[in-house]
Amino acid sequence: LIEDNLLIRTAVKRTFQDTEDFQIVGEAEDATGVLSQIIELNPQFVVLDLRLKESNGLDVLLEL
């Protein structure tokens, strides 16, 4: 879960925690170090904010 807004990130986490089908395995507020975290955790999918404060989510998407 990559989201720079804490309130939105918390809401998204709660939404996924309310279901047994999904588990949040990692979270970040910006793109710094997120690629190595994704490689390490090997998630099945990534929830990515496209407008991050310090970076562009599209750049992260392209690197993925």
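Predicted model: local features only at pLDDT ≥ 70, side-chain atom pairs only at ≥ 80, totals over all residues.
**Exercise 1.** Work out which elements the protein chain has and in what order they run.

*Solution.* Start by counting: there are 3 helices and 0 strands. Now walk from the N terminus, and you'll read α-α-α. Next, check the overall build: the radius of gyration is 11 Å, close to the 11 Å that the globule rule gives for 64 residues, so the chain is as compact as a globular protein of that length. Along its principal axes, the C-alpha trace spans about 30 × 25 × 15 Å.

**Exercise 2.** Find the salt bridges and say which parts of the chain they link.

*Solution.* The count comes to 2 salt bridges. Take R9 and E27: their closest N and O atoms are 3.0 Å apart, which falls within the 4 Å cut-off. R9 lies in helix 1 (residues 6-17) and E27 in the loop between helix 1 and helix 2 (34-41), so this pair ties together parts that are 18 residues apart in sequence. Then look at K13, which also forms a salt bridge with E27, at 3.1 Å between the closest N and O atoms. That pair links helix 1 to the loop too, with K13 and E27 14 residues apart. Put together, R9, K13 and E27 form a network of salt bridges.

**Exercise 3.** Decide whether R9, K13 and E27 are buried or partly exposed.

*Solution.* Buried means under 20% relative accessible area. R9 has 9%, so it counts as buried. K13, at 22%, is partly exposed, and E27, at 33%, is partly exposed as well. For the whole chain, 25% of the 64 residues count as buried.

Technical notes. Residues numbered from 1 in each chain as written. Heavy atoms only, no water. Helix = DSSP H or I, 4+ residues; strand = E, 2+ residues; numbered from the N terminus. Rg over C-alpha atoms; globule rule 2.2 N^0.38 Å. Buried < 20%, exposed > 50% of the residue type's maximum accessible area, 1.4 Å probe, protein only. Salt bridge = Lys/Arg side-chain N within 4 Å of Asp/Glu carboxyl O.
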